[in-house]
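Here are a few notes to read alongside the model, for someone opening it for the first time. Have the viewer at hand and take the points in order.

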Amino acid sequence: MSRIDVVSTSGGKDSTAAYLECLERTGGDFLAVFADTGNEHPAVYEYLAELPRRTGGPEIRTVRADFSGRIEKRRAWLQSDAAERRGWKPEQIARALDALHPSGTPFLDACLWKGLFPSRKRQFCTEFLKRAPILTEVQEPLILAGHEVWSWQGVRADESLNRSKYAESAPSPELEGLTDYRPLLTWTVQDVVAMHHRHGIPLNPLYSQGFGRVGCFPCINANKAELRLIAREHTWAIDKIREWEVLVRKASKGQLATFFHQSHTSATTPQQIDGVARWSMTRRGGKTFDLMAHMPSPTCVLAGGLCE
Ligand code: SF4
């Protein structure tokens, strides 16, 4: 049984460092994969497309979760007696059926299927949009073909208490033959930056624009400062979420779905994206309008106080 290393990349600094570490150890004999949620900043696609060219490493395969089958089943359920038995009114069913069509954008389709957006308590996005497509499209077929697969993950212990409890390597509970491997577990953010420098690779430009993380744009866990940046300088992302909220509300029974959970802004009612964008410009729990929020943002505001 031969071993195959599979590095999950996202365009962020830690997964890029994992890609570079694997490149150093294997000379490029590995697979790299990116789970495209369809809710990414264009800089992520550009960065990942450039990475193999800049390093001589392997091309990065993109996988995208497909929800068309699940949406079809949801439509069938809504058209059956079961929906009415669960209290759906005919007008709610008609409205949901009108919205419930696969868009081809994995993030939106997952939310249409569920009738809600992910939240910190129900973070189904990571599982359905990232973990599952990598597992089913890349890792599982390799294992079924007789390989042992090591899943490289750019995780560092100093990121959070949860992550500090991870083992560097352990058999994956998800699939026999799969090993979860975290080669950066004891690395600091300085180690990650040094690895980029050693290969002459810039960090993803989103960091120098003030973002502390690279992931969905926005991520459901985005903090107030990141939301403020998006609301001020990336209004296309606000427009996108506004359109998604209209569709997901239609697909839901109660029409209350909002991208950010109510707890995000501590508001007394769920806030739609424009309300969240306004809140991001405020200070003191949203009561005072923050003039500083409208000033040009400083450059090189990098997580950990580092910059290139
Ligand atoms: S980056 Fe955020 S929104 Fe995207 S899958 Fe991860 S937790 Fe969910």
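1. Ground rules. This is a predicted model, in which local features need pLDDT of at least 70 and side-chain atom pairs count only at pLDDT 80 or more, while totals for chains, interfaces and linings use all residues. Numbering starts from 1 along each chain as its sequence is written, and side-chain values use heavy atoms, with hydrogens and water left out.

2. Around the ligand. Start with the shell: Phe-107, Gln-123, Cys-125, Thr-126, Lys-130, Cys-216, Cys-219, Ile-220 and Asn-221 surround the ligand (near means a heavy atom within 4 Å). Helix α7, residues 124-144, gives the most to this shell, with three residues (helices are DSSP runs of H or I with at least four residues, strands are runs of E with at least two, and both are numbered from the N terminus). By class, the shell has five nonpolar residues, three polar and one charged. Here Ala, Val, Leu, Ile, Met, Phe, Trp, Tyr, Cys and Pro count as nonpolar, Asp, Glu, Lys and Arg as charged, and the others, Gly among them, as polar.

3. Where does the ligand sit? The ligand is in the largest pocket (sitting there means that more than half of its atoms lie within 2 Å of the grid points). A pocket is an open set of points on a 1 Å grid over the protein atoms alone, with protein on both sides within 12 Å along at least five of seven lines; a cavity is a set where a 1.4 Å probe fits but cannot get out, and lining residues have an atom within 4 Å of a point.

4. The largest pocket. It holds about 1600 Å³ of space (grid points are joined across faces, edges and corners, and the volume is the space filled by probe spheres set on them). Its lining has 45 residues, and those nearest the centre are Thr-126, Lys-130, Gly-154, Val-155 and Arg-163. Two or more residues each come from β1 (3-9), α1 (13-26), β2 (31-35), α7 and α8 (161-164); α7 has the largest share, with seven. The lining splits into 16 nonpolar, 16 polar and 13 charged residues.

5. The second largest pocket. This one has about 290 Å³ of space. Of its 14 lining residues, Leu-116, Phe-117, Ala-257, Thr-258 and His-261 lie nearest the centre. Eight of the lining residues are nonpolar, five polar and one charged.

6. The cavity. There is one cavity of 30 Å³ or more, and the largest cavity contains about 90 Å³. Among its lining residues are Cys-216, Phe-217, Pro-218 and Cys-219; the lining has nine nonpolar residues, one polar and two charged.

7. The sheet. Six strands make an open, mixed sheet in the order β3-β2-β1-β4-β6-β5 (two strands pair if DSSP finds at least two bridges between them). β3 (60-63) and β5 (169-171) are the edge strands, each pairing on one side only. β2 and β3 run parallel and are joined by four bridges, and Ala-35 stands opposite Val-63 in β3.

8. Two backbone details. Most residues other than glycine have a negative phi, and most peptide bonds are trans. The bond from Phe-217 to Pro-218 is cis, with omega near 5°, and Pro-218 is in the loop between α10 (205-208) and α11 (224-233). Gln-255 has a positive phi, near 55°, and belongs to the loop between α12 (235-251) and α13 (262-265).
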